[in-house]
Amino acid sequence: MDAMTIRSTRGRRRLYDSILDTVGDTPAIRVNNLAPEGVRLYVKAEAFNPGASIKDRLALNIIEAAEQSGTLSPGQTVVEATSGNTGIGLAMVCAQKGYPLVVTMADSFSVERRRLMRMLGAKVVLTPRAEKGTGMYLKAVELAEKHGWFLARQFETAANADIHEATTAREIIGDFAGDRLDYVVTGYGTGGTVAGLSRVLRKERPETRIILAEPANAALVGSGIVQARGAGGAPAESHPAFTPHPIQGWTPDFIPLVLQEALDNGGYDDLIPVAGGDGIAWARKLAAREGILTGVSGGASFAVAMQIAEQAPSGTVILAMLPDTGERYLTTPLFENIPEDMDDAELALSLSTPGYRMG
Ligand code: PMP
């Protein structure tokens, strides 16, 4: 046997001026146990961001771009409609920079999201789930107009795709420098991730195929039906192809303006629908077989990556985006079959020695 080795660390060799400086530079991690033979499968784990999701990037840039352009003044209240992760990211940024934050959110999204935002100092205004994404968005617009607040507009702002171009995409270019990268798989919520990635990858890695995924029962892009838009590119109405799906953070009930750029500019090569149940199943497998905790959207991207991997020739390299952490879903169907109490096998283990038994 070789001499014993112990893993050691050396610190990051820098001190951080604030939590905001820890956003980005998330790791691309190899998937070992689930990947088919001969295919190298990686996931970009955005849970490593301080607010534990990819939306920390956009939250930081929306605020800093608005500070620089003067559209956000010191102490002004920020308001946004969000399914949760953008709100958590904004709450983190606003807490650090001293802006009050009000978030509007449909009451269908997981309660841990609301409590996290409130923990980070934000106010959360719930909207009826029947009014869908457009309802929570229009509530944010109403509040901004009435109170003179800064509306973050994640679905329309240029600050969204810009930050993925400047950070997420650059990290992928850096991490895969000198290596193959045949596929990148992502879904869309605002479309900021795919728009930013495609700006850079199309130029610098033209051989990389960009795979866009969307829920099978909300295939808005796949329907080919154009989104009706109002002022500033905001949706004028709910898209007819939308039905409610369990992939939180993906595909609102409209095609966002931010995503439209990628659709108009050929920013993806293939569009693959994925069932919510498959997203849940693969998120569970990533946790149990790889030790990688991700949400349903990460599971759904990974489901598509596995589908590609299973048909790909030996040597293929695939990267799937994992937008957030599985911990954000404790009260959702992702954890539905994960019990709080001991099951029969655990009880049998408890009874297999004499001490410290329950009851
Ligand atoms: N997954 C989750 C969990 C998200 O919160 C989001 C953002 N809404 C996405 C995926 C999609 O990212 P993007 O908005 O950049 O398309």
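The model discussed here is predicted.

**Helices α1 and α5**
- The axes of helix α1 (residues 55–69) and helix α5 (residues 158–175) cross at roughly 130 degrees and come within 9 Å of each other.
- The two helices α1 and α5 are therefore oblique to each other.
- The crossing of α1 past α5 is right-handed.
- On the α1 side, the contact is formed by Arg57, Leu58, Asn61, Ile62 and Ala65, while α5 contributes residues including Ile163, His164 and Glu171.
- This contact of α1 with α5 contains five nonpolar, five polar and three charged residues.

**Helices α9 and α10**
- Helix α9 (residues 276–290) and helix α10 (residues 296–311) have axes that come within 7 Å and cross at roughly 90 degrees.
- That angle makes α9 roughly perpendicular to α10.
- Among the residues making the contact are Trp282 and Leu286 of α9, and Phe302 and Met306 of α10.
- By class, the contact of α9 with α10 has nine nonpolar residues, three polar and one charged.

**Ligand surroundings**
- The ligand is surrounded by 15 residues, of which Lys55, Gly189, Thr190, Thr193 and Ser297 are the closest.
- An oxygen atom of the ligand lies 2.7 Å from a backbone N or O atom of glycine 189.
- A polar backbone atom of glycine 191 is 2.9 Å from an oxygen atom of the ligand.
- A nitrogen atom of the ligand lies 2.7 Å from a polar side-chain atom of serine 297.

Note on methods:
Residues are numbered from 1 along each chain as its sequence is written. This is a predicted model: local features need pLDDT of at least 70, side-chain atom pairs count only at pLDDT 80 or more; totals for chains, interfaces and linings use all residues. Side-chain values use heavy atoms; hydrogens and water are left out. Axes are lines fitted to C-alpha atoms, for helices over the stretch in contact, and angles run from 0 to 180 degrees between N-to-C directions. Helices (H or I, at least four residues) and strands (E, at least two) are DSSP runs, numbered from the N terminus. Angles under 35 degrees count as roughly parallel, over 145 as roughly antiparallel, 65 to 115 as roughly perpendicular and the rest as oblique. A crossing is left-handed if the near helix is turned anticlockwise from the far one by less than a right angle, and right-handed if clockwise. Contact means heavy atoms within 4.5 Å. Ala, Val, Leu, Ile, Met, Phe, Trp, Tyr, Cys and Pro count as nonpolar, Asp, Glu, Lys and Arg as charged, and the others, Gly among them, as polar. A residue is near a molecule or strand if one of its heavy atoms lies within 4 Å of it. A polar contact is a pair of N or O atoms within 3.5 Å; within protein, one must be able to donate a hydrogen and the other to accept it, and residues adjacent in sequence count only if both atoms are side-chain atoms.
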